[in-house]
Amino acid sequence: MIEVYVDGASAGDPGMSGAGVFIKGHGSAEQYSLPLGIMTNHEAEYHALIKGLEICLENGYRIVSFRTDSQLVDRAIEKLFVKNPSYAPLLERVLELSQQFDLFFIKWIPSKENKVADQLARSAILKNN
């Protein structure tokens with residue numbers, strides 16, 4: 001099983017944002033630091049998850065377990081519902097991608113357990129031009 005740690009970060013809310021994706025569990029580790037442009041922190045969290053899902057699909061991973069420190073994202077996926085309608089298209093995209101795996105899990109973790117993805121996301125903010 002592949003473990004995927006994702007995090008979004010924003011310098012301002014909204015502000016320049018980045019996504020961090022840390023993948024392990026296949027004998028090596030992969031790290032992605034992806035600039036996202038201007039968005040809110042919650043939007044960055046969703047986009048980090050979407051990027052992680054896309055990377056896993058591109059690499060042919062079939063059984064994935066995602067970790068996020070965003071309770072908002074974790075709960076939205078668990079309940080298949082978002083309170084804020086502006087997040088609905090992001091949740092739809094997450095669900096569409098997640099259904100392409102043989103097994104997909106997502107679990108909330110405390111921020112202290114998501115430090116690598118957090119650092120990747122923060123570094124990505126600086127890559128925005």
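Which residue does the side chain of Glu3 meet in a salt bridge? Select Glu3 and Arg67: their side chains pair at 3.9 Å, N to O. A salt bridge here is a side-chain nitrogen of Lys or Arg within 4 Å of a carboxyl oxygen of Asp or Glu.

Before going on, note the ground rules. This is a predicted model, in which local features need pLDDT of at least 70, side-chain atom pairs count only at pLDDT 80 or more, and totals for chains, interfaces and linings use all residues. Residues are numbered from 1 along each chain as its sequence is written, and side-chain values use heavy atoms, with hydrogens and water left out.

**Stop 1: Glu3 and Arg67**

Glu3 sits in strand E1 (residues 2-12) and Arg67 in strand E4 (residues 63-68), so their bridge ties together parts 64 residues apart in sequence. Helices (H or I, at least four residues) and strands (E, at least two) are DSSP runs, numbered from the N terminus. Glu3 is partly exposed, at 24% relative accessible area. Arg67 is buried, at 14%. The cut-offs: buried is under 20% relative accessible area, exposed is over 50%, and partly exposed is in between (1.4 Å probe, protein chains only).

**Stop 2: Arg62 and Asp102**

Select these two next. Their side chains form a salt bridge at 3.3 Å, N to O. Arg62 is in the loop between helix H1 (41-58) and E4, and Asp102 is in the loop between helix H3 (88-98) and strand E5 (103-108), so the pair ties together parts 40 residues apart in sequence. Arg62 is partly exposed at 37%. Asp102 is exposed at 54%.

**Stop 3: Arg93 and Glu96**

Move to helix H3. Arg93 and Glu96 are three residues apart there, separated by about one helical turn. Their closest N and O atoms are 2.4 Å apart, in a salt bridge. Arg93 is partly exposed at 30%, and Glu96 is partly exposed at 43%.

**Stop 4: Asp7**

Go back to strand E1 and select Asp7. Show the contacts of Asp7 (heavy atoms within 4.5 Å). Among them are Gly18, Glu45, Asp69, Asn114 and Asp118, leaving out residues up to four places away in sequence.

To finish, the whole structure holds five salt bridges.
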